[in-house]
Amino acid sequence: MPTVTIWHASWCAPCRGTLRDLVPALENEGIEPVTKDVDWCPCEAMDRRIDHLPTVTVDDGDKELMRFRGYPTAEAVDRIIELCG
């Protein structure tokens, strides 16, 4: 199953909204997202070229399947669920 990662920062208001809304929506679909605070994982964020917050990535282990920057739209959430289904 692909991995959904939500890149965020505690000081970022849109990030807090994304965590508040997206995490439960994905969990209701049986998807356990990984949350990464860029202040705690700066090297990993830099390696993944995270340059905007929030950013949601979906990876299959070998490659990135999807990247969404900003608060995710309903269409983005549907696509995440489709990729992980």
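This is a predicted model: local features need pLDDT of at least 70, side-chain atom pairs count only at pLDDT 80 or more; totals for chains, interfaces and linings use all residues.
Student: What is the order of the strands in the open sheet?

Tutor: The four strands run in the order β2-β1-β3-β4, and their pairing is mixed. At the edges are β2 (34–37) and β4 (64–69), each of which pairs on one side only. From one strand to the next, the twist averages 20°.

Student: In which sense do β1 and β3 pair?

Tutor: Strand β1, residues 3–8, and strand β3, residues 55–59, pair in the antiparallel sense, over five bridges. Within this pair, Thr5 stands opposite Thr57 in β3.

Student: And which strands does helix α1 touch?

Tutor: Helix α1 (residues 13–28) packs on the sheet and touches β1, β2 and β3. The direction of α1 makes about 160° with that of β1.

Student: What about α3, which strands does it touch?

Tutor: Helix α3 (residues 74–84) also packs on the sheet, where its contacts are with β1, β3 and β4. Its direction makes about 160° with that of β4.

Student: Changing topic: where is Pro54?

Tutor: Pro54 lies in the loop between α2 (42–47) and β3.

Student: Is Pro54 buried or exposed?

Tutor: Pro54 has a relative accessible area of 1%, and therefore counts as buried, the cut-off being under 20%.

Student: Which residues does Pro54 touch, leaving out those up to four places away in sequence?

Tutor: Among them are Trp7, Cys12, Pro14, Cys15, Phe68 and Tyr71.

Student: How far apart are Pro54 and Cys15?

Tutor: In sequence they are 39 residues apart, while in space the C-alpha to C-alpha distance is 5.0 Å.

Key
Residues are numbered from 1 along each chain as its sequence is written. Side-chain values use heavy atoms; hydrogens and water are left out. Two strands pair if DSSP finds at least two bridges between them. Helices (H or I, at least four residues) and strands (E, at least two) are DSSP runs, numbered from the N terminus. Axes are lines fitted to C-alpha atoms, for helices over the stretch in contact, and angles run from 0 to 180 degrees between N-to-C directions. Contact means heavy atoms within 4.5 Å. Buried means under 20% relative accessible area, exposed over 50%, partly exposed in between (1.4 Å probe, protein chains only).
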